[in-house]
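Below are some numbered points for a colleague who has not looked at this structure before. Please read them with the model open.

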Amino acid sequence: MQDLFVTLKPYFLFLHAIGFIVGLGSAIVADTLFFRFLKDLRISKEEEYILSYVGRLVIIGLIVLLISGIGIFLSDPVKYLASSKFLTKMAIVVVIAINGFLLHRYLAPRLTLIEWDKGAHAKNRRARKMAAALGAVSSTSWFSALLLGYLRSIPFTFGQAFWCYILLLLCAIGVSQILENYFARQMDHVFEVFDPFKDNE
């Protein structure tokens, strides 16, 4: 059985690369469009549909990545179980899968609520903070997996490499929350200076 996976390994490697291209490319497009769409301080139904469509491409890339990764692993299980680089990369892919599930099951239905008008500013703060955090996890994870795929090996054990990745995630999430807080303060200032709901004196 293993001989079959050894024979198919070049095809699995090709699919693995395609999965990265589709997944990472779609994730970058989704993040870019998300912040571009928020220039008018809201996500419309049409923009929500576009983001959901791009999100499906991310899922397709992820599925291809998982299937091809399993195929590569089965071509030489002993070798890959001893590879901290491979194990770390596949652990990151699992994190991407969990993060994608949260994005599409929790956040996607709430995209149209993420707006910065006077009435929704405070009410939707939680959704905005979640969007920023999940976006940071997605981008950081895809680029981390891509970097590991590029390297031939890493001078760390699986545990050490994975904890470095977790630390990187925490830093990325922290930065995303700082940026969200900064943007929220900017919006607070805008509402103080110009309040369309306040009677003109």
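1. The axes of H2 and H4 come within 11 Å and cross at roughly 150°. An angle over 145 degrees counts as roughly antiparallel, so H2 is roughly antiparallel to H4. The crossing of H2 past H4 is left-handed. Note that this is a predicted model.

2. On the H2 side, the contact is made by Gly55, Arg56, Ile59, Leu62, Leu65, Leu66, Gly69, Ile72 and Phe73. H4 contributes Phe86, Met90, Val93, Ile96, Ala97 and His104. By class, the residues of this contact of H2 with H4 are eleven nonpolar, three polar and one charged.

3. H4 (residues 84-107) also packs with H5 (residues 125-150): their axes come within 9 Å and cross at roughly 155°. That angle makes H4 roughly antiparallel to H5. The crossing of H4 and H5 is left-handed. In the contact of H4 with H5 there are 15 nonpolar, six polar and three charged residues.

4. For orientation, the protein chain has six helices and zero strands. Read from the N terminus, the order of elements is α-α-α-α-α-α. Of the 201 residues in the protein chain, 41% are buried. Among contacts between residues at least 6 apart in sequence, 80% join residues at least 24 apart.

5. Which residues have the most contacts inside the largest nonpolar core? They are Ile92 and Trp142, in a core of 18 residues. At least two residues of this core come from each of helix H1 (2-37), helix H2 (45-75), H4, H5 and helix H6 (158-193). Apart from this core lies another, of six residues, with Phe5, Ile72, Phe86 and Met90 among them.

6. Trp142 deserves a look of its own. Leaving aside neighbours within four places in sequence, Trp142 is in contact with Gly19, Phe20, Gly23, Leu24, Ala27, Val58, Leu62, Leu65 and Ile96.

7. With neighbours within four places in sequence left aside, Thr88 is in contact with Leu148, Ile154, Phe158, Ala161 and Phe162.

Conventions:
Residues are numbered from 1 along each chain as its sequence is written. This is a predicted model: local features need pLDDT of at least 70, side-chain atom pairs count only at pLDDT 80 or more; totals for chains, interfaces and linings use all residues. Side-chain values use heavy atoms; hydrogens and water are left out. Axes are lines fitted to C-alpha atoms, for helices over the stretch in contact, and angles run from 0 to 180 degrees between N-to-C directions. Helices (H or I, at least four residues) and strands (E, at least two) are DSSP runs, numbered from the N terminus. Angles under 35 degrees count as roughly parallel, over 145 as roughly antiparallel, 65 to 115 as roughly perpendicular and the rest as oblique. A crossing is left-handed if the near helix is turned anticlockwise from the far one by less than a right angle, and right-handed if clockwise. Ala, Val, Leu, Ile, Met, Phe, Trp, Tyr, Cys and Pro count as nonpolar, Asp, Glu, Lys and Arg as charged, and the others, Gly among them, as polar. A nonpolar core is a set of buried Ala, Val, Leu, Ile, Met, Phe, Trp, Tyr and Cys residues joined through side-chain atoms within 4.5 Å. Buried means under 20% relative accessible area, exposed over 50%, partly exposed in between (1.4 Å probe, protein chains only). Contact means heavy atoms within 4.5 Å.
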